Amino acid sequence: GSLHGSTDACYEPGSCRLAMAALTFLSPATPTTLWTSIPTRHARPSEFGGEDPELAGSKESIAVWLAGPLVATACLTARMAMRQQRRARRSRTWSTICHSRGGEEASPAVTLAPQDEWIKELDLAGFGREVHELGQRLQKEQGEADQQHLHRMAMWNKLCAVVGLGTMWMKPNLVPVIALSLYTTTRWTMIGHHASHGGYNHTDKTGRYSSRGFALGSLWRRVRDWLDWMLPEAWGIEHNQLHHYRLGEVTDPDLVERNVEKWKGWQKYARTFASMVIWKWAYYAPNTFKELKVAELRRKGEPLPEGFDPSAPMTMNQVLKFAGTGKNVFKAREFFFKVLGPYFVMHFLALPLPLALVNPSFYWNAVINLLLADVLANFHSFVIVATNHCGNDLYRFERGCKPKSPTFYLRAVISSTNFPTGSNLNDFAHGWLNYQIEHHAWPNLSMRSYQKGQPEMKAICEKYGVPYVQENVFKRLKKTYDVMIGKAFMRTYPAAYERPEDLMVWRGEELAAA
């Protein structure tokens with residue numbers, strides 16, 4: 001019976017070779033004799049020992065045939081064990097692949113928090129494909145209607161300017177303050193923002209709203225197109241490149257949680273409230289200019305100043321602190337002359353100057369209204385900008401990812417929040433920053449395309465179980481405030497569930513990644 005069992009097992013060629021090698025080693029017979037002794041697929045157990053006269057009835061043949069079943073069984077057992085090990089390795093590999101794609105099974109070594117359970121069920125490849133295809137279709141559909149929509153929104157923006165400039169001579173009141181604030185904010189967040197991203201590169205035949213020239217290259221263009229506290233060229237580096245493609249990473253310059261991590265004690269509260277009304281000139285202007293200068297040094301292959309941390313936020317306090325020490329990437333006088341100076345002189349001094357010829361009191365009324373409008377513009381923009389990517393229901397990440405990869409599209413959704421959407425008036429009041437999810441997925445689309453694509457993007461997220469956060473600005477302001485004072489924390493996306501083929505290391509981060 002055992003002999004018959006070994007015969008059936010030896011039908012596998014690999015097992016036959018193992019058994020033959022073992023028998024060759026154990027018996028004094030020649031290899032040729034042993035090979036003829038190995039049963040073939042058609043041999044019968046009753047024929048064993050009688051086919052070869054030299055082996056039939058000899059002691060050697062008896063020893064070989066007694067040892068055969070034992071050796072063959074041992075070899076087959078070892079082979080089966082090796083097969084089980086290979087299956088286990090393949091299972092672990094497939095498990096890793098599943099996790100990197102969203103996976104259906106949870107790894108025993110990785111325990112997801114309840115709010116992260118959706119990750120293991122996610123078909124990331126399918127999700128990324130549908131989001132990418134939607135973005136491609138929206139871009140192909142852009143045309144004259146998108147350009148007309150831009151002109152309509154630009155007209156609304158200019159109407160705010162007309163109302164504000166026409167009433168700023170009056171004693172300080174809400175009409176000029178709100179109108180001027182709304183003009184300044186929407187000129188940045190709607191017109192300058194989407195033009196600099198290239199949202200109208202293919203629809204604007206005049207080139208006025210092209211990302212290659214809008215507000216760039218000269219002081220005249222800056223004044224004509226978009227005059228604000230930030231230098232447009234610096235904004236292009238900090239926002240369009242670093243923030244947009246490193247969203248939620250440690251090197252994202254707009255990662256609020258990282259920027260405030262060193263605030264302690266009473267500073268957390270004082271700086272949080274101060275930031276809301278002075279952040280554009282106290283933080284954003286110097287930080288964007290820093291990123292521009294760091295990029296210029298790296299492009300030239302020149303080293304950064306000793307002790308300078310390029311990932312640390314740059315504030316006005318640091319600009320003054322580093323002045324004359326050589327520890328900064330730019331001189332304080334260059335910053336004031338190129339960045340803050342033009343806006344301050346043109347906006348607060350030159351703009352109301354003609355009113356002084358009529359009545360000096362009109363001039364000072366205008367200056368006060370302009371200053372109050374700037375405070376309101378800081379607060380308005382803080383509420384609709386800083387809250388976009390901050391809160392305990394949004395994610396941050398440990399590694400960089402490739403643009404337009406499934407992971408890139410996923411991060412655009414789960415590290416951003418939308419405000420209420422749907423109508424031009426509502427969207428204008430939000431500075432068109434209420435479509436941050438769609439904007440981060442497809443940065444070079446028009447404002448109208450985001451309106452069109454938002455319902456479809458939300459439906460895709462619901463289909464794949466991806467959290468799509470959409471709340472009013474006041475709820476988002478509260479969640480941002482809680483993070484800034486250390487009361488709440490953002491979620492960290494589990495590294496074990498990242499899709500390996502989507503990950504990358506950005507230039508300048510090689511040492512940190514190692």
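**Ground rules.** I'm working from a predicted model, where local features need pLDDT of at least 70, side-chain atom pairs count only at pLDDT 80 or more, and totals for chains, interfaces and linings use all residues. Residues are numbered from 1 along each chain as its sequence is written, and side-chain values use heavy atoms, with hydrogens and water left out.

**N365.** I found N365 in helix α15, residues 360-385 (helices are DSSP runs of H or I, at least four residues, numbered from the N terminus). N365 is buried at 15% relative accessible area (buried means under 20%, with a 1.4 Å probe and protein chains only). I then checked what its side chain reaches: the backbone oxygen of W169, at 3.0 Å. Setting aside residues up to four places away in sequence, I list M168, W169, M170, K171 and P172 as touching N365 (heavy atoms within 4.5 Å).

**Cysteines.** I searched the whole structure for disulfides and got zero (the test is two cysteine sulfur atoms within 2.5 Å). C401 is buried at 3% relative accessibility, and C461 is buried at 0%.

**Core.** The largest nonpolar core has 102 residues, and F127, M457 and V466 have the most contacts inside it (such a core joins buried Ala, Val, Leu, Ile, Met, Phe, Trp, Tyr and Cys through side-chain atoms within 4.5 Å). Helix α11, residues 266-300, supplies the largest share of this core, ten residues.

Note on methods. Helix = DSSP H or I, 4+ residues; strand = E, 2+ residues; numbered from the N terminus. Buried < 20%, exposed > 50% of the residue type's maximum accessible area, 1.4 Å probe, protein only. Polar contact = N/O pair within 3.5 Å; in protein donor to acceptor, adjacent residues only side chain to side chain.
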